[in-house]
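Please look over the sequence and the structure below before reading on.

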Amino acid sequence: MPLVRGLVIVLLLILLSPVALLSHEGPHEEPTLSITVSPSEPTNFQPGHRNEQARIEVRLLGADADLVKDVLIEFEVTHLAGRGLISTGFHHMEGKKTLGGKFYATSGTLEMGYVFPIRGNYKLVARARSTSPQSSFEPIEEVVYVHVTEPFFEVRNATALVLFLFAFGVIIGRIYGKAAVPKHGL
Amino acid sequence: MASRMMILFFLAIFAVLLSSISTAEVVLGEDIRMEATPLEIEAGVPAELNFALDGEFGEGAAMEIRITAPEGDVPLFTGEFKARTGQFLVYNFHEPGPHTIHVTVKDPEDPRDILSKDFVVEVAEAPPPRSAWLKTWGMLMLILGVGVAIGIASARFRYSPNR
């Protein structure tokens with residue numbers, strides 16, 4: 001009886017050894033997650049003007065440089081509040097999450113078009129995890145920072161306003177200063 | 001007795017037909033729903049938009065979401081996703097006014113099966129914080145003040161009796 005039990009155990013070990021070997025076939029190469037924004041320095045939203053969408057693409061590439069299929073991508077865009085003296089004009093958006101969601105990427109890629117609301121720096125975070133046993137991998141995260149600028153005409157208008165205010169101040173100051181100076185012969 | 005049975009029989013057939021028609025209406029006409037949290041969307045406050053799919057479009061449907069501003073010709077956001085039973089999106093509206101959220105759902109197995117629906121959300125204006133108001137006006141007053149100071153200094157130099 002102990003002989004039979006021993007034989008069964010040996011047989012079981014022989015049968016299970018390929019499974020054990022397969023499950024420990026060396027270190028897995030983790031896929032790489034990338035976030036690309038095109039154009040690399042987009043402009044922010046301008047009401048009443050023709051705005052341009054920035055294309056955001058999140059891709060999950062495997063070790064063989066092929067797209068990893070059936071993944072869940074958690075993506076979020078957050079504005080980073082700046083410490084600059086000049087205001088963005090949309091204070092209620094500063095430092096807040098502007099876009100986010102959980103998306104199933106069956107082809108391993110997630111594409112979207114987005115008009116960034118205000119100028120400044122944004123933090124783009126993507127987290128990917130597998131939803132299929134065929135493409136199992138440890139959850140990974142990628143962070144990218146994007147700088148969003150004002151369109152040229154906005155910079156031009158702001159510069160004109162600053163110059164006008166400064167010139168107006170100089171004129172007022174000169175008139176006041178001239179009147180305040182004591183005259184000769186008095 | 002036989003006539004009563006006949007009437008009941010026809011009524012039953014009629015009821016079955018009616019129920020099948022109403023089921024078809026649900027599948028074709030009311031299978032995209034949107035729930036916004038908070039209900040009162042305010043500019044600058046991230047809103048959670050939940051798009052739910054019912055019926056035969058439920059599993060693996062391709063969902064396209066497009067958000068358009070009140071006076072914008074280009075959508076503020078576009079994306080096509082593989083929705084399972086729905087799609088969850090966080091979006092921060094920054095312009096007050098009515099925004100159109102256009103949702104299109106395609107059946108992956110039959111590309112001719114397209115369903116679309118427009119949701120119009122009214123975004124309320126958010127009052128700017130006091131500190132931000134002070135920052136903006138403070139900056140403008142500073143520029144004006146520097147100009148005035150330079151003007152006074154130059155006038156005193158120009159019209160000084162000792163010059």
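## The nonpolar patch

Helix α2 of chain B, which covers residues 130–158, gives the most to a nonpolar patch, with three residues; helices (H or I, at least four residues) and strands (E, at least two) are DSSP runs, numbered from the N terminus. The patch lies on the surface and is formed by A:Phe166, B:Leu142, B:Val146 and B:Ile150, which together have about 330 Å² of accessible area. Such areas come from the Shrake-Rupley method with a 1.4 Å probe, and for residues only the protein chains shown count as cover. Patches are made of residues with over 30% relative accessible area and no salt bridge, where like charges are joined within 9 Å and nonpolar side chains (Val, Leu, Ile, Met, Phe, Trp, Tyr) within 5 Å; a salt bridge is a side-chain nitrogen of Lys or Arg within 4 Å of a carboxyl oxygen of Asp or Glu.

This is a predicted model, in which local features need pLDDT of at least 70 and side-chain atom pairs count only at pLDDT 80 or more, while totals for chains, interfaces and linings use all residues. Residues are numbered from 1 along each chain as its sequence is written, chains are lettered from A and ligands numbered from 1 in the order in which they are written, and side-chain values use heavy atoms, with hydrogens and water left out.

B:Val146, placed in helix α2 of chain B, counts as partly exposed because its relative accessibility is 39%; buried means under 20% relative accessible area, exposed over 50%, and partly exposed in between (1.4 Å probe, protein chains only).

## Chain B as a whole

The secondary structure of chain B comes to two helices and seven strands, and from the N terminus on its elements run α-β-β-β-β-β-β-β-α. Of the 163 residues of chain B, 34% count as buried, and the chain exposes about 9800 Å², of which carbon and sulfur atoms supply 63%.

## Cis peptide bonds

A cis peptide bond joins A:Ser38 and A:Pro39, with omega about 0 degrees, and A:Pro39 is found in the loop between β1 (32–38) and β2 (54–61) of chain A. In chain B, the peptide bond from B:Thr37 to B:Pro38 is cis, with omega near 0 degrees, and B:Pro38 lies in the loop between β1 (32–37) and β2 (47–53).

## Positive phi angles

A:Ala65, in the loop between β2 and β3 (71–80) of chain A, has a positive phi of about 65 degrees although it is not a glycine. At 56% relative accessibility, A:Ala65 counts as exposed.
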